[in-house]
Amino acid sequence: MQRFARNRQRVIVWCGWAAACLAWNACTTAPTATDVEPDLGPIEATLGDTGLSVFPGLTRADGSHYIRQINGYFNGEQTGYWFFGFASRATADVFVFCRESDAVCPFDAKGHAQWAHMVGNPVFSHMPGMVGFSPFWLVWRVSVPDDYQANAIKSVAGVHTAAAAGKVKLAPNLHDHGGTIGIGQTIMHCAHVVADTTLDRTGQYIVGKPGVKIREIERRLGWHAGYRIAFFDFTASEGVTAPDPNSQSRPLMRTSDIYVSFRDCNGGSQSTVCKLVNSLAGSVSERGTETDLTHDGDKSDTNNILVAFPGTLPLDPVDADRVYSPLWRVNKVLIRAAHDKDVRLIDDTHDQTLSDLKTVADVRAAVAKGFVAPITFVDEGMTGTAIPGNDGLTFFSCPSQVPFDAP
């Protein structure tokens with residue numbers, strides 16, 4: 001009962017915020033001449049090279065865009081995930097449209113988006129490059145009547161105008177997250193991309209599991225201020241997330257951890273990676289160094305270790321209750337230079353499956369032996385990022401790849 005009371009209090013606060021927002025729009029936004037907002041075309045048409053550069057992904061020689069797969073370890077086994085770059089813990093708003101009587105819209109009981117039930121495309125409050133943008137979206141349910149025309153509303157202003165006029169109903173979307181979380185607000189993971197962007201190796205076999213295909217994540221279209229914008233919806237593989245319970249004025253995304261290994265080049269390490277990259281901190285990551293450390297023809301291999309995975313709990317008892325999140329706080333695993341030979345990683349085994357550090361328990365054991373320096377978080381100064389709401393720490397947005405037939 002206490003948990004329900006706390007959740008109910010949070011909902012009341014956010015419903016109050018919504019009511020104030022609607023009242024503000026009712027006073028300042030004049031009704032439009034038509035209920036159908038114009039389609040202003042693809043957002044890319046309004047952006048130059050600088051505007052496009054803030055979208056995630058790499059560009060091939062033929063000009064096509066893709067999101068790179070990265071290889072790492074989870075519970076001692078190889079795993080794959082897509083790297084979308086740095087991200088904010090703070091959430092932005094997304095508005096999804098549902099018929100008033102449709103109980104399955106916008107999510108099923110497992111938290112997977114039910115796009116066939118939604119009425120038109122979602123409206124996003126922000127786009128990449130804007131202050132306040134986040135790939136993690138607090139969901140608002142816009143209940144529309146039977147005669148509502150799909151995609152008539154294409155902007156946040158349009159949502160508030162219609163709600164103030166009583167044409168639609170606006171409320172925070174609530175979901176039963178189960179366990180100790182219970183009923184609460186909903187965050188969905190939608191990564192905005194340049195149109196026609198693809199996910200590296202989508203539909204192929206999961207790394208380390210021959211014959212097991214990766215679940216394909218559809219690229220979809222949404223709206224921002226009347227413009228079409230492409231995105232990948234990862235509720236298909238992750239389900240929705242409840243906000244971090246420590247959220248204050250703005251709901252924050254829950255986080256998990258990633259452990260990234262470094263050689264201490266500044267401390268005199270003579271390791272392969274330090275010789276190759278001539279860096280003060282040699283990241284044992286092909287993505288981080290843009291070097292094919294394992295000589296297998298790609299730059300996807302790392303010695304990164306994940307704490308959690310969708311639908312699976314970690315083996316290490318210390319982390320056994322950690323809930324999966326695609327937003328990873330970056331931990332620095334620094335191999336002391338004097339112990340390079342005591343800790344073999346993929347940079348000297350030249351094998352993406354062969355490493356002395358494959359689990360968080362391995363890392364803790366190496367710290368206890370003195371082979372690895374005490375674990376620290378990677379701060380924004382080291383990575384050159386400065387994202388509001390991250391308290392000076394570095395976070396990666398990295399959805400994990402799950403099997404095609406995962407529930």
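In strand β20, F395 is the bridge partner of R329. Strands and helices are DSSP runs, numbered from the N terminus (E, at least two residues, for strands; H or I, at least four, for helices). The structure is a predicted model, in which local features need pLDDT of at least 70 and side-chain atom pairs count only at pLDDT 80 or more, while totals for chains, interfaces and linings use all residues. Residues are numbered from 1 along each chain as its sequence is written, and side-chain values use heavy atoms, with hydrogens and water left out.

Strands are taken to pair if DSSP finds at least two bridges between them. β18 also pairs with β19 (residues 376–377), again in the antiparallel sense, over two bridges. Here K332 has T376 as its bridge partner. With β15 (residues 256–263), β18 runs parallel, and eight bridges join them. Y259 stands opposite N331 of β18. Strand β18 spans residues 327–335, and eight of its nine residues are buried, so the strand is largely enclosed by the rest of the structure. Buried means under 20% relative accessible area, exposed over 50%, and partly exposed in between (1.4 Å probe, protein chains only).

K332 also lies over the face of F262, at 5.5 Å from the ring centre. A charge counts as sitting over a ring if NZ of Lys or CZ of Arg is within 6 Å of the ring centre and within 35 degrees of the ring normal. R287 is placed over the face of F83, at 4.1 Å from the ring centre.

A search of the whole structure finds 13 aromatic pairs. Rings of Phe, Tyr and Trp (its six-membered ring) pair if their centres lie within 6.5 Å; planes under 30 degrees apart count as stacked, over 60 as edge-to-face and the rest as tilted. F83 and F396 form an edge-to-face pair, 5.2 Å centre to centre with 85 degrees between the planes. This pair links distant parts of the chain, 313 residues apart: F83 sits in the loop between β4 (77–82) and β5, F396 in β20. Both F83 and F396 are buried. F232 and F234 form a tilted pair, at 6.4 Å centre to centre and 40 degrees between the planes. F232 is buried at 2% relative accessibility, and F234 is buried at 0%. Ring pairs also link W115, F124, F133, W137 and F231 into a cluster.

In soluble globular proteins, nonpolar side chains tend to be buried together. A nonpolar core is a set of buried Ala, Val, Leu, Ile, Met, Phe, Trp, Tyr and Cys residues joined through side-chain atoms within 4.5 Å. The largest such core has 23 residues, of which F97 and V142 touch the most other members. β5 (92–99), β7 (136–144) and α3 (156–164) each supply at least two of its residues. β7 gives the most, with five. Beyond its neighbours within four places in sequence, F97 is in contact (heavy atoms within 4.5 Å) with residues including M118, V142, Y148, I153 and V159. A second, separate core of 21 residues includes I43, C105, F107 and M188.

In α3, G158, V159, H160, T161, A162 and A163 are buried. Just after α3, G166 takes a positive phi of about 80 degrees. T349 lies in helix α7 (residues 346–349) and is buried at 13% relative accessibility.
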